[in-house]
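Visitor: I would like to learn how to read some features of a protein model. Please take them one at a time.

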Amino acid sequence: MTFANGAYLLLLLLIIPFTVWYVLKGRKRGAAMQVQDAGVFDGTPVSYKYYLVHLPFALRMLAFAMLVIILARPQTTDNWQNTEIEGIDIMLCVDVSTSMLSEDLKPNRIEAAKDVASAFVNGRPNDNIGLTIFAGESFTQCPLTVDHSVLLNLFHGISSDIAARGIIDDGTAIGMGIANAISRLKDSQAKSKVIILLTDGSNNRGEISPLTAAEMAGSFGIRIYTIGVGTNGTAPYPVQTSFGTQYMNVPVEIDEDMLRQIAQITDGIYYRATSNSKLKEVYEEIDKLERTKLQVKEFSTKNEVYQSFAWILLLSVLADVLLRQTILKTIP
């Protein structure tokens, strides 16, 4: 706990002279009633009021101390601070074309990818991680950040039906997805810069070819780990008809040669994920990447914490007044 007006705490030193004055005053105070012989009172039990006689003064000193602390404005110690952490810069580059709705992974490819990638993000709290999505075109869903709660909220909101609903063009623009991720990583100061590219198809859209984008990544020292997601052979794909959801088997056509070349050009690795468990294994292996130090600026707001001291002040004053007006009341 810190104090915004710490100089006020010096007023607590006044308690010392107040106490000395109270003690000296008590010694000089005369008897309230004079008698010729006090022996008649020998053996008389001491009233409980005798033990409470100094309590009002103690309560006033406590109230004074609480008032000084409140004036000093006690606060939590939250503030801006620079911290050095271990981490790397990672852009997740995820295919959201309509083919990612295929259900060879459960419940489908896109949801399986989101679940596993979310666990991957949660396991790397010190990394700068961002998210790029692509179908027939590409855009950044979340720039690089260490605020993973924001990243995960945006990640959970993506769906492959955005292409089906015409929000973005359908298709698979792998080169555009890589180029978008590069734009977020190229100026990074981290020694390790990584793109994790996940797709279930082959490039058929976009103005930039995947291999050209890979060469661009290599020139910026960015490694690309490519993941081809989908079973071997055919996969069930949901189709909406007047009779409800029907399923048709569609061939799984992943351009593995191209994905291998992308990884090779950038000193990355190509993985094939044919099931949920295999996809999890892929991310666990990528999780073993090297780490490098990053400078992070953290901020949290300050909170005033005077309330408890104010309650003690109020109760002290009330107790003092109550005692002096009842059991410790004096007759003039």
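Visitor: Which residue forms a salt bridge with Arg-260, and how far apart are the closest N and O atoms?

Guide: Side chains of opposite charge can pair when their charged atoms come close. A salt bridge here is a side-chain nitrogen of Lys or Arg within 4 Å of a carboxyl oxygen of Asp or Glu. Arg-260 pairs in this way with Asp-257, with 3.6 Å between the closest N and O atoms. Before going on, note that this is a predicted model, in which local features need pLDDT of at least 70 and side-chain atom pairs count only at pLDDT 80 or more, while totals for chains, interfaces and linings use all residues. Residues are numbered from 1 along each chain as its sequence is written, and side-chain values use heavy atoms, with hydrogens and water left out.

Visitor: Where do Arg-260 and Asp-257 lie?

Guide: Both are in helix 9 (residues 256-265), 3 residues apart, about one turn of the helix. Helices (H or I, at least four residues) and strands (E, at least two) are DSSP runs, numbered from the N terminus. The protein has 11 helices and 12 strands.

Visitor: How many salt bridges does the structure hold?

Guide: The count is 13. One of them joins Arg-205 to Asp-169, with the closest N and O atoms 3.7 Å apart. Arg-205 is partly exposed at 33% relative accessibility, as is Asp-169 at 39%. Another salt bridge links Asp-187 with Lys-186, at 3.3 Å between the closest N and O atoms. Here Asp-187 is exposed, at 58%, and Lys-186 is partly exposed, at 33%. There is also a network of salt bridges that links Arg-60, Asp-320 and Arg-324.

Visitor: How are the rings of Tyr-22 and Phe-57 arranged?

Guide: Rings of Phe, Tyr and Trp (its six-membered ring) pair if their centres lie within 6.5 Å; planes under 30 degrees apart count as stacked, over 60 as edge-to-face and the rest as tilted. The structure holds 3 aromatic pairs. In the pair of Tyr-22 and Phe-57, the ring centres are 4.0 Å apart and the planes are at 10°, so the rings are stacked. This pair links distant parts of the chain, with Tyr-22 in helix 1 (residues 15-28) and Phe-57 in helix 3 (residues 55-71), 35 residues apart. Tyr-22 and Phe-57 are both buried.

Visitor: How do helix 4 and helix 5 lie relative to each other?

Guide: Two packed helices are described by the angle between their axes and the distance between the axes. Axes are lines fitted to C-alpha atoms, for helices over the stretch in contact, and angles run from 0 to 180 degrees between N-to-C directions. The axes of helix 4 (residues 109-122) and helix 5 (residues 148-156) come within 11 Å and cross at roughly 175°. The two helices are therefore roughly antiparallel; angles under 35 degrees count as roughly parallel, over 145 as roughly antiparallel, 65 to 115 as roughly perpendicular and the rest as oblique.

Visitor: Which residues does Ser-118 touch, leaving aside its neighbours within four places in sequence?

Guide: Contact means heavy atoms within 4.5 Å. Ser-118 is in contact with Leu-152, Phe-155 and His-156, its neighbours within four places in sequence being left aside. Ser-118 is found in helix 4 and is buried, at 8% relative accessible area.

Note on methods
Buried means under 20% relative accessible area, exposed over 50%, partly exposed in between (1.4 Å probe, protein chains only).
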